[in-house]
Amino acid sequence: VCGPGAGSRKNVVLVAVESLSSYHSRLLGGNGWTPELDRIAAHSRWFTNFHANGFTTDHGLIALFTGKAPLPSVGRYGGTRAYDGYWSPQGSLPSLLKANGYDTAFLTTGDLRFLEKGEWTRSIGFGHVEGSEHPFYGGMPRMHFNAAPDEALFQRFMQWRATRSGNQPYFASLLTVSSHPPYLAPDGKHGEEAVIRYVDRELGKFYRMLVEAGFFDDGL
């Protein structure tokens, strides 16, 4: 017998971390470059049999947001049409949440023109989309894809969260950039380990900001 649901509509934040792999995590049997993320997972939950859908960021976003296998279009690696076949798909995660009364937002610090990411995220149901052009990042140092450091992305989300209007629940996806190859960390260090440790530290700070703001009282 199925009883009535709780009717809970919690706020949801999904952080997609650029170039993160299981071998970075000691919790998952790797080399221990993500102590903050491992600590967060150990106090909540993690998946031990989770596999990447493809090997590029666009593949990951297609899988996360549409629930479809990200099969590359013909000529995918000879051009910029990364999202061909996945524009405006029915049943995408942001469109379903939007239909159920959620505000939907996609925030990154990278250039939204790259691979038409800005247009694509809007086409699948994100009501608010922003990237490197946002005034919040004015005067900040820029790295690859004209992106400000990941630290700024998390600060910008906290500002967005505090200043949004209305009482609708929200789904916000944050895409980090700093750990993208060629592995140049915003703090001046070089190499894969350096950038993964950098973004891990910033994720830990972000998690603590959310705790202090009471986000987890009604959020995931």
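**Close-up views of a predicted model**

T66 counts as buried because its relative accessibility is 8%, where buried means under 20% relative accessible area, exposed over 50% and partly exposed in between, with a 1.4 Å probe and protein chains only. This is a predicted model, in which local features need pLDDT of at least 70 and side-chain atom pairs count only at pLDDT 80 or more, while totals for chains, interfaces and linings use all residues. Residues are numbered from 1 along each chain as its sequence is written, and side-chain values use heavy atoms, with hydrogens and water left out.

**View 1. T66 and its surroundings.** Let us stay with T66, which lies in helix α2 (residues 57–66); helices (H or I, at least four residues) and strands (E, at least two) are DSSP runs, numbered from the N terminus. The T66 side chain reaches the backbone oxygen of I62 at 2.6 Å and the backbone nitrogen of K68 at 3.2 Å. Leaving aside residues up to four places away in sequence, T66 touches L61, Y86, P89, G91, S92 and W120, a contact being heavy atoms within 4.5 Å.

**View 2. The four-stranded sheet.** Here is an open sheet with strand order β1-β4-β2-β3 and parallel pairing; two strands pair if DSSP finds at least two bridges between them. At the edges are β1 and β3 (128–130), each pairing on one side only. Five bridges join β1 and β4 in the parallel sense, and L14 stands opposite S173 in β4.

**View 3. Helix α6.** With 21 residues (192–212), α6 reaches 30 Å from its first C-alpha to its last, close to the 30 Å expected at 1.5 Å a residue; the expected span is 1.5 Å times one less than the number of residues. Its buried residues include A194, Y198, F206 and L210. Among the elements covering the buried residues of α6 are β1 (12–16) and α5 (150–163). After α6 comes G214, whose phi is positive, near 75°.

**View 4. The nonpolar cores.** The largest nonpolar core has 25 residues, and V13, F157 and W160 are among those with the most contacts inside it. A nonpolar core is a set of buried Ala, Val, Leu, Ile, Met, Phe, Trp, Tyr and Cys residues joined through side-chain atoms within 4.5 Å. Which helix gives the most to this core? It is α6, with seven residues. A second, separate core of 18 residues includes F65, Y86, I124 and L175.

Note on methods
A polar contact is a pair of N or O atoms within 3.5 Å; within protein, one must be able to donate a hydrogen and the other to accept it, and residues adjacent in sequence count only if both atoms are side-chain atoms.
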